[in-house]
Amino acid sequence: MNRVGSLVVGLMLLSVVFALIESRFAANPRQPRLRRKGLRTDITYWFLTPLVTKSISQIGLAVILIILYRRNIADIQRILIAPNTLLAKQPLGLQAIEMIVAGDFIGYWVHRWFHFSRMWKFHAVHHSSHDLDWLSAARVHPVNEWLSRWIQTAVLIVLGFSPMAVAAYLPFLTLYAIFIHANVSWGFGRLGWLIASPKFHRWHHTSEDEGLDRNFSGLFPWIDILFGTFYMPKDRLPERFGLKNDDVPQSFWGQALYPFR
């Protein structure tokens with residue numbers, strides 16, 4: 001099956017799975033599904049990001065590694081195929097655990113950087129969804145996608161993790177991001193401070209003052225606890241999403257050009 005066909009099948013399967021889950025455990029039962037705001041835009045991102053954005057991301061990563069290692073592309077390929085580092089010599093299972101923690105720590109600070117720098121306009125596109133559900137995870141500006149992946153992947157590889165382990169980690173990260181954007185009320189109870197839940201991430205996306213610039217972790221809320229950005233009230237869920245001062249267009253091309261205006 002070609003890449004487009006795989007994306008179509010994935011979209012259909014996930015639509016069915018999350019339709020069942022979100023109808024049974026909806027955080028906002030009144031939120032529309034098939035006619036929600038920005039649905040066409042998010043579907044465009046669903047196809048464009050894997051087909052175009054990720055290809056450019058891979059090229060950019062290769063350039064970054066050439067600059068960091070100061071080697072040509074053939075030498076870089078040999079290093080990546082058979083890395084000779086203490087981390088890479090560990091069993092892949094142990095690498096996976098270490099890398100997931102390290103990757104989320106890196107991701108936390110990259111995420112904060114997008115919120116508190118001139119890069120915010122690129123990240124604001126992701127926060128422009130008024131109706132938050134699993135497909136909202138696809139709405140990421142290409143520059144946001146590139147920089148996040150370049151920094152996270154390059155640091156993990158330079159630290160010495162096996163590229164095979166890194167390659168397996170990134171799809172997992174994408175799938176978990178889809179899950180925590182779902183329109184469900186799950187907070188995971190006492191485990192909610194340990195593992196990121198949809199409730200935890202909904203507070204990150206709220207436009208309500210109390211939740212602004214909180215919950216930056218993608219996997220481990222204890223990182224937010226450690227740096228004072230954790231927020232997840234036990235007795236309620238956020239009700240409003242999007243941007244507090246909403247001026248991001250809802251069309252794909254409008255969003256693509258928005259940060260450059």
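In which handedness of crossing does H4 pass H7? The crossing of H4 past H7 is right-handed, meaning that the near helix is turned clockwise from the far one by less than a right angle.

A word on the basis: this is a predicted model, with local features needing pLDDT of at least 70 and side-chain atom pairs pLDDT 80 or more, while totals for chains, interfaces and linings use all residues. Numbering starts from 1 along each chain as its sequence is written, and side-chain values use heavy atoms, without hydrogens and water.

Helix H4 (residues 92-115) packs on helix H7 (residues 163-180) at about 55°, with the axes 10 Å apart. Leu92, Gln95, Met99, Ile100, Gly103 and Asp104 of H4 meet Ala165, Val166, Tyr169 and Phe172 of H7 (heavy atoms within 4.5 Å). These contact residues comprise 7 nonpolar, 2 polar and 1 charged.

Now to the rings. The whole structure holds 21 aromatic pairs (centres within 6.5 Å; planes under 30 degrees apart are stacked, over 60 edge-to-face, the rest tilted).

Phe18 in helix H1 and Trp134 in the loop between H5 and H6 are 116 residues apart. Tyr108 in H4 and Phe216 in the loop between H8 and H9 are 108 residues apart. Phe18 is buried at 7% relative accessibility (buried means under 20%, with a 1.4 Å probe and protein chains only; exposed is over 50%, partly exposed in between). Trp134 is buried at 7%, and both Tyr108 and Phe216 are buried.

Note on methods. Axes are lines fitted to C-alpha atoms, for helices over the stretch in contact, and angles run from 0 to 180 degrees between N-to-C directions. Helices (H or I, at least four residues) and strands (E, at least two) are DSSP runs, numbered from the N terminus. Ala, Val, Leu, Ile, Met, Phe, Trp, Tyr, Cys and Pro count as nonpolar, Asp, Glu, Lys and Arg as charged, and the others, Gly among them, as polar. Rings of Phe, Tyr and Trp (its six-membered ring) pair if their centres lie within 6.5 Å; planes under 30 degrees apart count as stacked, over 60 as edge-to-face and the rest as tilted.
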